[in-house]
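Hi,

Here is the structure I promised to pass on. Have a look at it first, and my notes on what turned up follow below.

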Amino acid sequence: TRHLGIALIIASMGIYLMFRPQFGDEHLLGMGFALLAAFLTALYYIGRRMVKSISASLVMVYSTVFGAFGVGFISFVMERGFWTARPAELLLPHTLTIVIFGIVNFLAWFFLSRGLQTVQAGKGSIILLSELFFGMLLSVFYFGEIPSLLTIVGASCILIAAVVVTKSEV
């Protein structure tokens, strides 16, 4: 639809302003991982819409179980230290933080899964970009990071895009 197209253009401008990507050799690996993550997340959005009649809870349980196997395999292949480290040394100082953010992450994906039952994947993905705005805002409060003017303008563009795509639903 027209609103989705406008929102996509505004959101793309916002993402560019927030991140202003550098295209040197040192950034290629990180950009490659980011693009792969974006593509795989888009596949999840499409897949979730394909099975929208299945409850969000059931989708999350199976996604979590299969995701744990996937992370275990990837860790085995790419991060040998993961399997030789002692979990007690890694987890004990940060157990509460890890548990809280595990729950928060699960809830975020649950609500995303639930939302994609009712909203088109394209619209949902534009709305989800508002996480960049909230991430920037939280980094100001928790870490004292002061965003640049371009970052603030970019984050504002992303919020405007979310509003545009949301208003098209009304």
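Let me start with helix H3: at 1.5 Å a residue, its 23 residues should span 33 Å, and the end C-alpha atoms are 31 Å apart, which agrees. The expected span here is 1.5 Å times one less than the number of residues. Helices (H or I, at least four residues) and strands (E, at least two) are DSSP runs, numbered from the N terminus. H3 covers 56–78, and Ala56, Val59, Met60 and Ser75 are buried in it. By buried I mean under 20% relative accessible area, with exposed being over 50% and partly exposed in between (1.4 Å probe, protein chains only).

A word on the source: this is a predicted model, where local features need pLDDT of at least 70 and side-chain atom pairs count only at pLDDT 80 or more, while totals for chains, interfaces and linings use all residues. Residues are numbered from 1 along each chain as its sequence is written, and side-chain values use heavy atoms, with hydrogens and water left out.

Now the overall picture. The chain has nine helices and zero strands. Of its 170 residues, 20% count as buried. The chain exposes about 12100 Å², and carbon and sulfur atoms supply 75% of that (Shrake-Rupley method, 1.4 Å probe; for residues, only the protein chains shown count as cover). Among contacts (heavy atoms within 4.5 Å) between residues at least 6 apart in sequence, 80% join residues at least 24 apart.

Next, the cores. A nonpolar core is a set of buried Ala, Val, Leu, Ile, Met, Phe, Trp, Tyr and Cys residues joined through side-chain atoms within 4.5 Å. The largest one has eight residues: Ala7, Ile10, Ala11, Ile126, Cys157, Ala161, Val164 and Val165. Helix H1 (2–19) and helix H9 (149–167) are the elements that give two or more residues to this core, and H9 gives the most, with four. Beyond its neighbours within four places in sequence, Val165 touches Leu4, Ala7, Lys123, Ile126 and Ile127. Another core lies apart from that one, with seven residues, including Tyr44, Tyr45, Met60 and Leu116.

Trp109 sits in helix H6 (residues 95–115) and is partly exposed, at 30% relative accessible area. Setting aside neighbours within four places in sequence, Trp109 is in contact with Thr41, Tyr44 and Met60. Trp109 and Met60 are 49 residues apart in sequence, yet 7.4 Å apart in space, C-alpha to C-alpha.

Then there is H8 (residues 130–143): its 14 residues should span 20 Å at 1.5 Å a residue, and the end C-alpha atoms are 19 Å apart, which agrees. Ser130, Phe133, Met136 and Ser139 are buried in H8. What do the buried residues of H8 pack against? They pack against H1, helix H7 (121–128) and H9. Gly144 follows H8 and has a positive phi, near 70 degrees.

Last, the surface. Leu29, Phe33, Leu36, Phe39, Leu40, Leu43, Phe73, Ile74, Phe76, Val77 and Met78 form a nonpolar patch, with about 1200 Å² of accessible area together. Patches are made of residues with over 30% relative accessible area and no salt bridge, with like charges joined within 9 Å and nonpolar side chains (Val, Leu, Ile, Met, Phe, Trp, Tyr) within 5 Å. A salt bridge is a side-chain nitrogen of Lys or Arg within 4 Å of a carboxyl oxygen of Asp or Glu. Helix H2 (25–50) and H3 each supply at least two residues of the patch, and H2 gives the most, with six. Phe33 is found in H2 and is partly exposed, with a relative accessible area of 44%.

Cheers
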